[in-house]
Amino acid sequence: MATAKAHTNIALVKYWGKKDQELIIPQTDSLSLTLDEFYTTTRVNFDQELTADQVMINGQQLAGPAAAKVTHLLDIVRQRSGLSARARVDSQNHVPTAAGLASSASAFAALAGAASRAAGLQLSRRELSRLARRGSGSATRSIYGGLVEWQAGHDDQTSYALPIMEQVDFGIEMIAILVDTHKKKVSSRFGMQQSVSTSPYYRVWPEVVARDMAAVKKAIAAQDIDQIGAIAEENALRMHALTLSADPGFTYFDSDTITAMTIVRELRENGVNCYFTMDAGPNVKVIYDQVNRKAVYSTLAAQFGTDRLVVAKPGPGIEIWND
Ligand code: ADP
Ligand code: DP6
């Protein structure tokens with residue numbers, strides 16, 4: 001039996017599209033910030049008595065395709081370790097599930113950590129990152145804390161994450177605006193595939209990402225939060241342009257998403273520097289320097305209320321322990 005705790009991450013340069021859907025090899029590199037406030041804790045217990053894997057998330061039994069994704073990762077672990085027993089998986093999400101707050105990132109990183117340890121495998125962090133990738137692409141990056149790069153690579157061996165800066169103490173923070181914490185209608189898995197196969201703009205996305213990756217790494221080295229935020233905001237808008245331009249077109253935005261984007265732009269016009277990013281859901285994450293926290297928080301609170309705001313700081317990498 002083993003337990004792992006992994007934090008979610010929010011991409012500053014997004015992963016949006018796969019080269020290989022079975023192995024989850026992305027079309028491009030990506031770069032994220034791991035957050036302290038949102039995480040998943042997962043315990044895995046392999047048990048000869050079980051006839052099927054049993055997966056609980058927040059006390060609710062998982063079924064259908066969501067449970068199949070967990071079994072898929074467990075099968076990889078069983079195959080590597082030579083174990084045949086089914087597993088009891090008990091997971092707590094301290095993050096809204098499937099609402100664009102990266103529950104799948106923390107979930108599959110924690111599952112990879114707990115399942116591999118419970119099966120007696122001693123994996124390096126790079127190997128863990130590759131294993132987490134098989135569950136969900138963004139989970140590749142949640143093995144590490146702070147600022148993390150996922151190198152696309154070209155096969156299972158070469159596609160993994162690397163830490164860029166694990167201790168991030170230059171003041172970057174994010175406020176998550178919980179516009180809607182219900183499960184989204186279009187999963188990231190389906191949405192990105194639609195974008196790859198039908199958006200006429202997809203062919204320029206790899207160029208956009210290559211340029212943004214180089215620029216954001218420079219900005220990180222210079223600890224330039226404004227530059228990091230500006231790159232992240234533009235990159236997010238271009239990712240979402242790929243959903244709007246798919247056939248049929250779709251969007252993860254709702255009216256509150258647009259309202260939040262407008263407020264961020266107004267704050268900037270008034271001299272309070274902050275930037276937005278959105279993932280595969282309507283929730284908005286606002287990036288800023290902690291010196292601006294009060295001004296950003298109070299302005300967002302006036303519109304959305306404090307109950308819907310979470311201030312998040314850079315968070316740590318995965319922790320794994322034997323129970
Ligand atoms: P999100 O924006 O939350 O990452 P995704 O659609 O990418 O949304 O992923 C959500 C999916 O991740 C869920 O539908 C479920 O299949 C899986 N998931 C979330 N939390 C867990 C968990 N703790 N254990 C196993 N799978 C999970
Ligand atoms: C918009 O990692 O959830 O959050 O690999 O199919 O499980 P799968 O997709 P997932 O997609 C994340 C998309 C994103 C951008 C990002 O995190 O880089």
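Helices and strands are DSSP runs numbered from the N terminus, a helix (H or I) having at least four residues and a strand (E) at least two.

## Basis of the model

This is a predicted model, in which local features need pLDDT of at least 70 and side-chain atom pairs count only at pLDDT 80 or more, while totals for chains, interfaces and linings use all residues. Residues are numbered from 1 along each chain as its sequence is written, and side-chain values use heavy atoms, with hydrogens and water left out.

## Helix 2 against helix 3

Helix 2 (residues 103–118) packs on helix 3 (residues 125–133) at an angle of about 120 degrees, and their axes are 8 Å apart. Axes are lines fitted to C-alpha atoms, for helices over the stretch in contact, and angles run from 0 to 180 degrees between N-to-C directions. Helix 2 is therefore oblique to helix 3 (under 35 degrees is roughly parallel, over 145 roughly antiparallel, 65 to 115 roughly perpendicular, and the rest oblique).

Helix 2 contributes Phe108, Ala109, Ala112, Gly113 and Ser116 to the contact, and helix 3 contributes Leu128, Leu131 and Ala132. Contact means heavy atoms within 4.5 Å. By class, the residues are six nonpolar, two polar and no charged; Ala, Val, Leu, Ile, Met, Phe, Trp, Tyr, Cys and Pro count as nonpolar, Asp, Glu, Lys and Arg as charged, and the others, Gly among them, as polar.

## Ala105

Ala105 lies in helix 2. Ala105 counts as buried because its relative accessibility is 0% (buried means under 20% relative accessible area, exposed over 50%, and partly exposed in between, with a 1.4 Å probe and protein chains only). Apart from neighbours within four places in sequence, Ala105 is in contact with Asn9, Ser138, Ala139 and Ser142.

In helix 4 (residues 188–198), the buried residues are Gly191, Met192, Gln194 and Ser195. They span an arc of only 155 degrees around the axis, so they are on the same side of helix 4; the arc is that of the directions from the helix axis to the C-beta atoms. The cover over these buried residues includes strand 2 (18–20) and helix 6 (225–244). Exposed residues Phe190 and Ser197 are on the face turned away from the buried side.

## Backbone features in loops

Asp247 and Pro248 are joined by a cis peptide bond with omega about 0 degrees. Pro248 is in the loop between helix 6 and helix 7 (255–269).

Ile24, which is not a glycine, has a positive phi near 55 degrees. Ile24 is in the loop between strand 2 and strand 3 (25–26), and is buried, with a relative accessible area of 2%.

How values were computed. Chains lettered and ligands numbered in written order.
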